[in-house]
Amino acid sequence: MGPRARSKRSWGLGLHRLVLVSCLAALHLAVWFQRSIVLPQPYMDEKFHVPQAQRYCEGDFWYWDGKITTFPGLYIVAAAPNCILRAIGVSARIPCLVQDLRLANGVLFGAVLCPIATIELSRRLHPSTPLWRLSLNAIALNTFPVHFFACDLYYTDAGALGLALACVCTLAAPAGRGRRRWLSAAAAAAAIGFRQTNAVWAGFGLGLGVLLRFGPKGRATNNKGKPTATAAEETVACLKLVWARRGEVLAEFWPTLAVLASFVLFVLRNGGVVVGDRDAHKPKLHLAQVCYFGAVTFAARLPAVAASWTSGRPRRRAGRAAIAVLTLLCAACAAWSSLAHPYLLADNRHYTFYVWRKWLCRGLPHRP
């Protein structure tokens, strides 16, 4: 690609980013304005997050609410402007009212970080896709109701997701960029600082980056275009290839590996993942949740699945047998591994409360 083509594509990408951010910012501002009228007080978990952020905004970094389970990344971001004002000797302070915190959360993470990280990651994974399609895809993903609803409340959801996407995006960046290793490690640390479970996504991004940098290029196919190796054989071959170049992998990704190793040490020393309210946040095996995930994923992919079936329905008996076995396994998980968290049963302000009470729990044995 020549200089003029690169300049034109860069200008087009910048324009798409601007339009994307502007559209989502307008939506979030409209929701914030209406919500400030009908819901001026802290709502649901905001009753814990808002007072904690306000104490940080006042400079009281030693205060901690024992009901909060996540690291203080969300509150550090809220306190950053006051810390800067204090450092340069300005006496004025931002009060960090609930409306201020919601607005900052919705605009910074919901309208800027999440959509830009979405389109950047999509562009790197699908470089031949037109920018207008990537932009429409980013709008669709960032207006997903569950995500969009949480962006304009002072929750950890939007920031945790945006930073996780930024971490994966930097790890998937092309090789040869020296700053990439430090940016990816900083994004991983920040993502975990918002929500501990982001360590899983940082590990996913690390694996993706290793595969893109050191893994095999493309898949071996026969003259009919079908893969010559099974998924298991490809996985083993890929692991062998990466292991053979482990020195290069460590040299390229050691900062992110150090962040993940530090988190593992924290979990071992802390005796668990959460930092508060441990009685209500104990790890349990919940196999039915895998079935919920599968059902939602299938529903999201239904148009693509239907198109593949209409173009050429699978006729192999092995495929039908696999579907039958998976159906039986899902039914067994739903029947004997359905857990109901006490918070799910007690709080009727969540959608999941009604989904569980009116649909999922009917006819299913479950235990807390």
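View 1. R35 belongs to helix α1, residues 3-38, with helices (H or I, at least four residues) taken as DSSP runs numbered from the N terminus. R35 is buried yet has no salt bridge, and the nearest side chain of opposite charge, that of D152, is 5.0 Å away. Buried means under 20% relative accessible area, exposed over 50%, and partly exposed in between (1.4 Å probe, protein chains only), while a salt bridge is a side-chain nitrogen of Lys or Arg within 4 Å of a carboxyl oxygen of Asp or Glu. Not counting residues up to four places away in sequence, R35 touches P40, R102, F149, D152 and L153, contact meaning heavy atoms within 4.5 Å.

Because the model is predicted, local features need pLDDT of at least 70 and side-chain atom pairs count only at pLDDT 80 or more, whereas totals for chains, interfaces and linings use all residues. Residues are numbered from 1 along each chain as its sequence is written, and side-chain values use heavy atoms, with hydrogens and water left out.

**View 2. The salt bridge between R102 and E46, with other charged pairs.** A search of the whole structure finds six salt bridges. In one of them R102 pairs with E46, the closest N and O atoms being 2.8 Å apart, and this pair links distant parts of the chain, with R102 in helix α4 and E46 in helix α2, 56 residues apart. R102 is buried at a relative accessible area of 1%, and E46 is buried at 0%. The side chains of R195 and D157 also meet in a salt bridge (3.3 Å, N to O), joining the loop between α8 and α9 to helix α7; R195 counts as partly exposed at 27% relative accessibility, as does D157 at 30%. E120, R123 and R124 are linked in a network of salt bridges.

**View 3. The largest nonpolar core, around A78.** The largest nonpolar core has 20 residues, and those with the most contacts inside it are A53, Y75, A78, L101, Y154 and F194; such a core is a set of buried Ala, Val, Leu, Ile, Met, Phe, Trp, Tyr and Cys residues joined through side-chain atoms within 4.5 Å. Helices α2 (46-57), α3 (73-87), α4 (98-125), α7 (157-171) and α8 (178-194) each supply at least two residues of this core. Leaving aside its neighbours within four places in sequence, A78 is in contact with A53, C57, C96, L101 and Y154. Apart from this core lies another, of 19 residues, among them F71, I192, L206 and L260.

View 4. Y56 and Y75 form an edge-to-face pair, 6.0 Å centre to centre with 65° between the planes, and Y56 is buried, as is Y75. W182 and W254 form an edge-to-face pair at 5.3 Å and 90°; W182 lies in helix α8 and W254 in helix α11 (residues 246-270), so the pair ties together parts that are 72 residues apart in sequence.

Terms used:
Lys, Arg positive; Asp, Glu negative; His and termini not counted. Phe/Tyr/Trp six-rings, centres within 6.5 Å; stacked < 30°, edge-to-face > 60°.
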